[in-house]
Amino acid sequence: MHHVMVPAGGFIEKWGLVKRAVLTISVVAGLAGCATPPERISGIPNSGPCTQADRERLAVISNQQNKAATGDALGVILIGVPVASMSGGDHEAEIAVLKGRCGAPKT
């Protein structure tokens, strides 16, 4: 019978390090693609009056953005993918424009 010698720091240990590195990189990359919570979105200065429709739209999409941010975080944790952002649930640009026109929504 032949004995196989596996040196310390061999393939099995290195493979474990590779798997951990890939997992870490995947989680970081997934979080980078997540929707930004609306309270962390800065307004973009723009011209035009703030209408009642703008305020209502800002309230609606801010609520949707909160749900997208939560969904993305859960998606990354469970399957490694920011699902809400990938399915069109990220309204960051529109929130920034409306915040620039109207300010932050009243809660």
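These legends go with close-up views of a predicted model. Local features need pLDDT of at least 70, side-chain atom pairs count only at pLDDT 80 or more, and totals for chains, interfaces and linings use all residues. Numbering starts from 1 along each chain as its sequence is written, and side-chain values use heavy atoms, with hydrogens and water left out.

View 1. Of the 107 residues, 26% are buried (buried is under 20% relative accessible area, exposed over 50%, partly exposed in between; 1.4 Å probe, protein chains only).

**View 2. R101 and D54 pair up in a salt bridge.** That term takes a side-chain nitrogen of Lys or Arg within 4 Å of a carboxyl oxygen of Asp or Glu. Here the N to O distance is 3.2 Å. R101 sits in helix α4 (residues 92–102) and D54 in helix α2, 47 residues apart. D54 is buried at 14% relative accessibility, while R101 is partly exposed at 27%.

**View 3. R57 meets E94 in another salt bridge.** Their closest N and O atoms are 2.8 Å apart. R57 belongs to helix α2 and E94 to helix α4, so the pair ties together parts 37 residues apart in sequence. Both count as partly exposed, R57 at 34% and E94 at 31%.

Terms used: Helix = DSSP H or I, 4+ residues; strand = E, 2+ residues; numbered from the N terminus.
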